[in-house]
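Visitor: I'm new to reading protein structures. Could you walk me through one?

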Amino acid sequence: MKQLLFAVLMSAGIIVNAGEMIFHVSFDNDSINPDIAAGTKVARNNSTIGFAGKKIAGANGRGSAIVLDKSMAAQWYVNKNFNQKQGTVSLWINPVNWQVAAKSRHLFFQANMRDFDLRLMRDNNSDERIIFRITAAGFPGKNKTFFATAKIADWTPGAWHKVDLVWDESFMRIFIDGTLQNFSPAANGRGAVYSTTKFPEGTNFPAKTLYGGIAVNVPDKSNPAEKTAFDELKIYNYPLTPEEVRENYLKDTNQ
């Protein structure tokens with residue numbers, strides 16, 4: 001019956017969502033090897049990460065999470081574990097010890113490959129927001145970098161927050177705790193919230209991911225002692241709808 005329904009929908013020109021989770025790292029064990037991986041199923045630096053003193057209780061009291069300062073990244077291979085065309089990156093973040101008063105850079109997540117770079121970061125201009133950034137050769141015109149932002153001024157040490165980064169070739173969105181924040185401009189763009197950004201017509205991201213890397217907590221020399229906990233990194237090969245993002249958040253928090 002399912003095969004028949006699929007055939008009918010396809011013949012009618014209706015797009016069927018066949019997306020799935022293609023990468024998942026739970027951090028539940030003394031390993032950063034992925035629990036699920038469509039591509040390479042081992043981490044790039046699992047044997048050198050060193051787990052002593054780096055584990056705490058996971059988000060929502062489930063399993064465990066990893067705590068990293070800004071001297072070390074958890075790294076994986078990108079081939080088949082990431083789709084540039086469209087997708088969703090979901091992870092839980094806990095600001096264990098952020099020296100935010102110094103307005104220092106912090107790169108929490110990066111998927112980097114030829115002609116495409118996706119980041120979740122905090123920059124030097126504002127410690128009140130978190131930034132979802134995509135730089136890609138596939139953007140038409142001179143502007144090759146686009147942003148979506150969310151406010152994190154109320155984040156406190158020890159509190160977990162879920163971040164979902166959603167994109168395709170028409171838009172990018174950042175969700176915090178299952179919700180899109182309201183638009184909120186600020187002077188000189190500092191602290192501004194633009195949770196959804198539309199891409200220009202003609203945007204065309206690369207179809208294949210041949211080489212590159214995925215990383216959590218990319219090293220940075222600014223305020224190197226800052227510590228962040230990470231849990232439940234998930235990558236999907238399609239953009240989750242706002243309803244799916246909300247549903248997953250409520251499920252994770254037992255609501």
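Guide: Happy to. Keep in mind that this is a predicted model. Let's start with T48, which sits in the loop between β2 (36–37) and β3 (55–57).

Visitor: Is T48 buried or exposed?

Guide: Look at the relative accessible area: over 50% counts as exposed. T48 has 53%, so T48 is exposed.

Visitor: How far is T48 from A74 in space?

Guide: Sequence and space are two separate things to check. T48 and A74 are 26 residues apart in sequence, and their C-alpha atoms are 9.5 Å apart in space.

Visitor: Which strand is β5 joined to, and how do the two run?

Guide: β5 is joined by 4 bridges to β14 (residues 212–218), and the two run antiparallel. Across from W76 you'll find I214 in β14.

Visitor: What about S195, is that residue buried or exposed?

Guide: S195 is in a loop too, the one between β12 (171–176) and β13 (196–198). Buried means under 20%. S195 has a relative accessible area of 9%, so S195 is buried.

Visitor: Which residues is S195 in contact with?

Guide: Skip the neighbours within four places in sequence, and the contacts include A148, T149, M172 and Q181. With Q181, look at the backbone oxygen: that atom lies 2.9 Å from a polar atom of the S195 side chain.

Terms used
Residues numbered from 1 in each chain as written. Predicted model: local features only at pLDDT ≥ 70, side-chain atom pairs only at ≥ 80, totals over all residues. Heavy atoms only, no water. Pairing = 2+ DSSP bridges. Buried < 20%, exposed > 50% of the residue type's maximum accessible area, 1.4 Å probe, protein only. Polar contact = N/O pair within 3.5 Å; in protein donor to acceptor, adjacent residues only side chain to side chain. Contact = heavy atoms within 4.5 Å.
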